[in-house]
Amino acid sequence: MMRREDTLHAWWSRLRHQGLLLSPVVMVDRFSAMPADLSWQKNQTLRDAYTRFRAQTAPADANAKARLEERPVLEWVDALFGACLGHQNERLSKSNDIPEYLRAVVRIGNRTESLRPHRVLFSDETKSRAALLIAADTSAQVGRGRGRNTYTRFLELLRSTGSRLGLLTNGSQFRLVYAGLDFESWCEWEAERWFEDEDGSDELAGLRLLLAPDSVKPGDTGSPFLLEAIEESRKRQADLSSVLRENVRQAIEFLMEEVSAENRANAA
């Protein structure tokens, strides 16, 4: 018999992952239902925005590499967060509207660099708590090749500003990142899959689920609901590891006692 988490959130296993971001159990507990399908109009608006992005970044000829600039990436991101995810300007800050405390000056190698997000999604209209820092990447692959340096800088920005959740994207890959003090975990969507088939549509629905307005609102602790779910996943993993360690310790002690008793019996 299939478990509920195997069917409700099957899309989760199809994404690329590093580390533990959300455990299946917490996913089902916290996100018990998938969002309703997008209306035809919203789906078409999103598809058109993606088509424009692809046209603006397409190579000039078949032998050239795709040319990425921040502007088309951010226009595509704005369409995604507006038409699809339902975030209005009251929650989403851009460029000069981003508060200074969400910018950071860090030392990378021998250089000092000023880092800032391109967009900030806040938990509510008061913009008192940042839920997600968003940055555009002009690398061909997020986190790989030349994109590795951009990803490292993004992690530094998250940690330096005390933010733990971020979204780094080049328009094709969307990487949702949780940044701890000395570790990180992430999952990654491929945008081109969203318009291919039912599996791709489910993966887009998963993104809509995790980044919906209700998912970034403050939860019981005052942190964004999604962040609470991620940290609950990590706590449960740590608790399970502690239980397993204790069980292994007790098993070893029992085995040693049995061996010691057997040795004493043989000596007698």
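The chain exposes about 14600 Å², of which carbon and sulfur atoms supply 49%; accessible areas come from the Shrake-Rupley method with a 1.4 Å probe, and for residues only the protein chains shown count as cover. The model is predicted: local features need pLDDT of at least 70, side-chain atom pairs count only at pLDDT 80 or more, and totals for chains, interfaces and linings use all residues. Residues are numbered from 1 along each chain as its sequence is written, and side-chain values use heavy atoms, with hydrogens and water left out.

Of the 268 residues of the chain, 42% count as buried (under 20% relative accessible area, with exposed meaning over 50% and partly exposed in between; 1.4 Å probe, protein chains only). Among contacts, defined as heavy atoms within 4.5 Å, 61% of those with a separation of 6 or more in the chain join residues 24 or more positions apart. Eight helices and nine strands are present; these are DSSP runs, numbered from the N terminus, of at least four residues for helices (H or I) and at least two for strands (E).

Seven strands make up an open sheet of mixed pairing, in the order E1-E9-E8-E7-E6-E5-E2, where two strands pair if DSSP finds at least two bridges between them. Strand E1 (16-18) and E2 are the edge strands, each pairing on one side only. Neighbouring strands of this sheet are turned against each other by 20 degrees on average, direction ignored. Helix H5 (residues 147-160) packs on the sheet and touches strand E6 (130-136), strand E7 (165-169), E8 and E9. The direction of H5 makes about 40 degrees with that of E8; axes are lines fitted to C-alpha atoms, for helices over the stretch in contact, and angles run from 0 to 180 degrees between N-to-C directions. Strands E8 (residues 173-179) and E9 (residues 184-190) run antiparallel and are joined by seven bridges. Leu176 has Cys187 in E9 as its bridge partner.

Arg159 lies in helix H5 and is partly exposed, with a relative accessible area of 28%. Leaving aside residues up to four places away in sequence, Arg159 touches Ala179, Gly180, Leu181, Asp182, Phe183 and Glu184. The side chain of Arg159 reaches the backbone oxygen of Gly180 at 2.6 Å, a polar contact being a pair of N or O atoms within 3.5 Å; within protein, one must be able to donate a hydrogen and the other to accept it, and residues adjacent in sequence count only if both atoms are side-chain atoms. The C-alpha atoms of Arg159 and Tyr178, 19 residues apart along the chain, are separated by 9.9 Å.

Helix H4 (residues 70-84) has 15 residues and reaches 20 Å from its first C-alpha to its last, close to the 21 Å expected at 1.5 Å a residue; the expected span is 1.5 Å times one less than the number of residues. The buried residues of H4 are Pro72, Val73, Leu74, Trp76, Val77, Asp78, Ala79, Leu80, Phe81 and Cys84. Gly86, which follows H4, has a positive phi near 80 degrees.

Two serines are located in loops. Ser95, between strand E2 (92-94) and strand E3 (104-108), has a positive phi of about 45 degrees although it is not a glycine. Most residues other than glycine have a negative phi. Ser95 is partly exposed, at 35% relative accessible area. Ser223, in the loop between helix H7 (213-216) and helix H8 (225-267), counts as buried at 11% relative accessibility. Ser223 touches Arg129, Arg164, Lys217, Pro218 and Glu228, residues up to four places away in sequence not being counted.
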